[in-house]
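I have my notebook open and a structure to look through. I'll jot down what I looked up, entry by entry.

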Amino acid sequence: MAFITTAEACDSNVPLLASGDLRVLPPIFKIYGQSRAFSGPIATLKVFEDNVLVRELLETEGEGRVLVVDGGGSMRCALVGGNLGQLAQTMGWAGILVNGCIRDVDEINGCDIGVRALGSHPTKSYKKGVGEKHVAVHIGGTLICDGEWLYADGDGILISKCELSL
């Protein structure tokens with residue numbers, strides 16, 4: 001299937017936008033990684049300044065999914081670094097959205113995945129293993145559920161209840 005741009009998806013799915021089945025995240029995320037545009041079914045994670053569960057999920061087969069990490073918007077440490085970016089690429093993840101920070105930006109920019117994050121921070125996170133997998137998260141005022149679809153490109157990020165088609 002051909003990739004759907006976010007602008008095209010919005011233009012051709014006005015009823016889904018009106019119903020809330022297609023949502024636009026606010027333009028607060030920076031673009032990282034070699035894949036400037038990516039999409040896939042969502043796997044969710046809710047953590048705060050602790051990336052043990054991020055690694056655990058990225059160690060599973062990605063199968064083209066997008067990991068959505070609600071890090072509570074923390075700007076005090078990074079939840080994803082170069083090693084996890086490489087792991088995501090190796091395991092077949094399409095991308096990672098982090099409501100928080102990343103680090104090792106040059107390494108992540110060398111990975112063939114898409115990454116969106118609020119910014120970068122040189123400090124690593126805690127390693128306590130605290131958090132929740134596959135739960136509904138709120139990012140930028142938007143509810144995101146495990147199994148929904150994410151579409152990202154240079155114009156923005158969309159969350160859809162179902163896979164979109166041309």
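Which side chains meet in a salt bridge at 3.9 Å, N to O? I found that they belong to Arg55 and Glu59. For my notes, a salt bridge is a side-chain nitrogen of Lys or Arg within 4 Å of a carboxyl oxygen of Asp or Glu. Side chains of opposite charge can pair when their charged atoms come close.

**Ground rules.** This is a predicted model, where local features need pLDDT of at least 70 and side-chain atom pairs count only at pLDDT 80 or more, while totals for chains, interfaces and linings use all residues. Residues are numbered from 1 along each chain as its sequence is written, and side-chain values use heavy atoms, with hydrogens and water left out.

**Entry: how open is that pair?** I looked up the accessibility next. Arg55 is partly exposed, with a relative accessible area of 36%, and Glu59 is partly exposed too, at 45%. The cut-offs I use are under 20% relative accessible area for buried, over 50% for exposed, and partly exposed in between (1.4 Å probe, protein chains only).

**Entry: the other salt bridges.** My search of the whole structure turned up seven salt bridges. One of them joins Arg23 to Glu148, with the closest N and O atoms 2.7 Å apart. This pair links distant parts of the chain, 125 residues apart: Arg23 is in strand E1 (residues 22-24), and Glu148 is in the loop between strand E10 (142-144) and strand E11 (149-153). I take helices (H or I, at least four residues) and strands (E, at least two) as DSSP runs, numbered from the N terminus. Arg23 is buried at 14% relative accessible area, and Glu148 is buried at 5%.

Glu148 also meets Lys161 in a salt bridge (3.5 Å, N to O). Lys161 sits in the segment after strand E12 (156-160), so this pair ties together parts that are 13 residues apart in sequence. Lys161 counts as partly exposed, at 45% relative accessibility. Through shared partners, salt bridges join Arg23, Glu148 and Lys161 into one network.

**Entry: the largest pocket.** How much space lies in it? I noted about 240 Å³. The search runs on a 1 Å grid over the protein atoms alone, and a pocket is an open set of points where a 1.4 Å probe fits, with protein on both sides within 12 Å along at least five of seven lines. Grid points are joined across faces, edges and corners, and the volume is the space filled by probe spheres set on the points.

The lining has 15 residues, and Asn51, Arg55, Gly81, Leu84 and Lys127 lie nearest the centre; a lining residue has an atom within 4 Å of a point. Helix H3 (52-58), strand E5 (78-80) and helix H4 (82-90) each give two or more residues to this lining.

**Entry: helix H4.** I listed its buried residues as Gly82, Leu84, Gly85, Leu87 and Ala88. They pack against H3, E5, E6 and H5.

Entry: I found Asp104 in the loop between strand E6 (95-102) and helix H5 (105-109). Beyond its neighbours within four places in sequence, Asp104 is in contact (heavy atoms within 4.5 Å) with Gly81 and Gly82.
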